[in-house]
Amino acid sequence: MKYKIQALLLLTTILIFFACSKMEEQPELKIWYNQPATDWNHALPVGNGRLGAMVFGDPNHERIQLNEDSMWPGGPDWGNSKGTPEDLEYIRRLLDEEKVHEADRGIVDRFSYKSIVRSHQTMGDLFIDFGNQKAMNYRRWLSLDSAMVTAQYRVGDALVRERVFASKPDNVLVVELSTSAETGIDFTLTLTRPDDEGVPTVTVSVPSSNEILMQGEVTQRKGVRESKPFPLDYGVKFEIRLQVEQEGGTITTKDHTLVLSGVHHAIIYLVANTSFYHDDYSAENERNLRALSNNSFSGILRDHVYDYQQLFHRVELDLGGSTLDSIPTDKRLARVKNGSDDPDLIAKMFQYGRYLLISSSRPGTNPANLQGLWNEHINAPWNADYHLNINLQMNYWPAEVANLSECHQPLLDYIDRLIIRGKETAKLQYGMNGAVIHHASDLWAAPWMRAAQPYWGSWVHGGGWLMQHMWEHYRFTQDTLFLKDQAWPAMKSIATFYLDWLVKDESGQWFSYPETSPENSYIATNGEPAATAKGSAMGQQIISEVFDHVIRASDILGIDDPFTKAVLQKKRLLRSGTVIGEDGRLLEWDNPYLEAEEGHRHMSHLYALHPGNAITPQTPGLFEAAKKSLKYRLDHGGAGTGWSRAWLINFSARLLDPKAVSVNIALFLQKSTADNLFDMHPPFQIDGNFGFTAGVAEALLQSQNDVIHVLPALPKEWETGHIKGLRARGGYVVDISWENNKLNELILTSLRGRLGTIRYGAKEVSFEMKAGERIHFGPELNKKK
């Protein structure tokens with residue numbers, strides 16, 4: 001890892017100081033239920049970035065489904081490329097001859113690994129069998145303040161409580177069980193893991209009277225490669241060790257289980273490590289357990305809460321309506337689905353997204369995948385992998401603005417791994433310099449193309465889009481060491497590929513082809529759907545953005561060399577990716593084709609509106625064209641998936657449309673939210689949760705080009721409220737409060753010291769700040785110029 005988090009220590013210290021100094025004592029922030037989970041999508045998640053669980057809270061047959069982020073089959077052994085530079089020339093020649101359907105077939109046959117099944121997998125299950133208790137006064141909740149799930153109920157006159165948390169400082173999943181019954185409680189502990197097509201995947205043993213050991217290797221008996229069966233009988237090796245400490249009662253072993261009787265208080269420690277992180281993962285488990293033996297449960301809990309709150313408590317959001325906290329969360333969600341407003345549930349969803357990112361992405365872990373960290377399958381939907389045509393990027397949209405910059409680091413480090421292999425792909429597959437990253441990857445940072453159909457993944461811009469995250473991390477933190485040591489080498493690699501990839505058209509402009517627009521198709525001249533084209537809006541927009549960021553970074557770093565000159569030259573003559581058609585909409589491809597699916601979930605031609613920033617109110621023609629493009633998609637049934645609806649929240653905020661923000665937030669909750677508040681694609685896909693959080697932040701604060709835009713798209717339903725601790729580009733912490741839909745107070749803290757402008761409504765105020773300085777603005781910003 002070239003960039004170490006030590007570079008953020010000063011920033012982090014300042015952030016913690018302001019976060020802690022501002023946070024007033026608040027009621028516990030939680031989501032809660034008055035019944036146990038009966039379905040995985042009702043269970044509640046915990047995680048420490050790498051190790052996680054879904055807690056059902058069943059008082060009779062408790063299931064705690066276990067996850068670890070490196071549980072993948074196979075290895076980095078499928079090569080780096082398929083196809084040759086000659087194949088690229090063949091595809092381009094077909095497109096030049098307008099043989100688009102042949103090009104569609106050729107790009108898949110010659111370059112793609114086609115369908116792939118190589119999935120992130122469950123680590124198994126911990127079952128706690130209490131027998132058949134008659135539980136009364138049941139309540140189950142997830143505390144967003146302490147990152148802990150609790151189930152509490154009465155059996156007769158006795159109170160029984162279960163608490164579960166995943167500690168980052170101690171690398172352990174902890175389950176605490178307690179009862180006030182004089183006779184204690186009886187239960188059996190079992191560790192299991194699903195078979196892989198009838199083949200056992202683990203061995204379980206009981207090495208001592210208070211320990212269960214489960215060891216295995218991740219396999220994929222129904223693996224697929226090149227759209228053909230490709231069984232994988234090897235993968236990441238892993239070991240789970242469970243140890244229990246009890247007060248009162250007895251503990252015995254039976255077969256491969258632990259049987260506890262008459263116990264008043266028990267602590268179950270579960271450590272797990274894999275061969276991905278450690279050559280000797282068994283020894284690492286031993287080290288983890290030995291460290292735990294030198295601490296107490298109260299100390300482990302204290303350290304966990306402290307570590308978590310340094311991140312979570314940086315931001316506070318109040319939209320009013322907390323009186324509804326007396327209603328269980330699933331009932332509140334049902335009210336919203338029936339048309340009621342619930343601003344406080346929106347605030348909880350915002351914070352839930354922050355909780356999920358902290359729990360699934362910490363420095364030193366893998367990035368959050370399609371399901372974050374939480375996955376009960378051997379063969380997960382879409383492999384629970386890394387889709388780079390929006391999904392992985394959306395996972396990290398809230399990282400900077402929601403004041404979780406450290407949680408961005410796993411993605412940034414993963415990008416470095418992708419680029420290493422992507423350089424080989426660029427060279428072998430396309431005969432080009434630099435690095436190329438296609439539309440999906442996995443634990444092994446596989447850079448090759450995977451697409452059974454051309455519109456699914458015959459796309460070369462995964463790396464280009466990821467460069468936005470490198471640049472955004474710099475823009476929010478203003479960390480020039482990061483820019484120099486990690487962002488610049490990555491951006492240079494991707495830009496170098498684009499320099500070789502671009503082709504000059506008849507007018508002398510540079511354009512990208514073959515191109516597709518992610519997962520979408522157009523109607524070719526013969527009336528049939530086609531995917532490949534001689535240019536797409538998104539491809540040109542991404543290349544333009546990469547070149548822009550390289551140019552700006554080179555200015556900051558003082559780099560002036562043949563590479564930067566080449567980027568400047570091609571940027572000047574780059575074909576525009578924002579072309580307005582005769583109907584006033586933005587073109588998605590190089591020509592005004594009809595769409596095969598007019599309400600398609602991807603709105604890729606609007607990349608320049610969001611997450612890019614080339615379309616703004618300062619480009620009024622493009623701004624109006626973006627509005628028309630969105631309206632057309634929605635009029636034809638667009639935004640059917642959860643993540644697509646979350647993208648619409650962000651688009652609406654960028655379009656300064658508070659009504660559309662409110663409508664799309666409501667539709668997200670009504671159509672795409674499970675009882676445990678997971679985003680339902682369907683099925684569960686976590687990107688929508690993160691996109692939701694980013695969208696709420698975008699409605700309250702936007703920052704581009706040294707302009708901090710306050711309350712740019714505040715829904716009228718959020719009449720009075722405040723948010724504390726948001727981050728703005730340029731290195732700022734921002735607190736905002738409002739009453740009657742008008743700004744009441746703005747507090748701006750500069751972490752680096754800069755010149756800038758505050759925009760609120762039609763009013764703009766310039767400022768100059770020193771590092772560490774805070775300035776206040778009051779209701780005077782409501783006054784007209």
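Strands, as named in this report, are DSSP runs of E of at least two residues, numbered from the N terminus. The structure described is a predicted model.

**Glu316**

Glu316 is located in strand β19, which covers residues 316–318. The residue is buried, yet no salt bridge is present. The nearest side chain of opposite charge is that of Lys724, at 4.2 Å, whereas a salt bridge requires a side-chain nitrogen of Lys or Arg within 4 Å of a carboxyl oxygen.

The distances reported for individual residue pairs are collected below.

| Pair | Kind of distance | Value |
|---|---|---|
| Glu316 and Lys724 | nearest side chain of opposite charge | 4.2 Å |
| Ile420 and Ala445 | C-alpha separation | 8.9 Å |

Strand β26 comprises residues 701–704, and strand β27 comprises residues 707–710. The two strands run antiparallel and are joined by four bridges. Leu701 stands opposite Val710 of β27. Together β26 and β27 form a hairpin with two residues between the strands. In the turn, Asn705 has a positive phi of about 55°.

In a regular strand the side chains alternate between the two faces of the sheet. In β26, Leu701 and Ser703 point one way and Gln702 and Gln704 the other way, and all are buried.

**Ile420**

Ile420 belongs to helix α10, residues 405–430. Ile420 counts as exposed because its relative accessibility is 61%, the cut-off being over 50%. Ala445 is 25 residues apart from Ile420 along the chain, and their C-alpha atoms are separated by 8.9 Å.

Technical notes
Residues are numbered from 1 along each chain as its sequence is written. This is a predicted model: local features need pLDDT of at least 70, side-chain atom pairs count only at pLDDT 80 or more; totals for chains, interfaces and linings use all residues. Side-chain values use heavy atoms; hydrogens and water are left out. Buried means under 20% relative accessible area, exposed over 50%, partly exposed in between (1.4 Å probe, protein chains only). Lys and Arg count as positive and Asp and Glu as negative; His and the chain ends are not counted. Two strands pair if DSSP finds at least two bridges between them.
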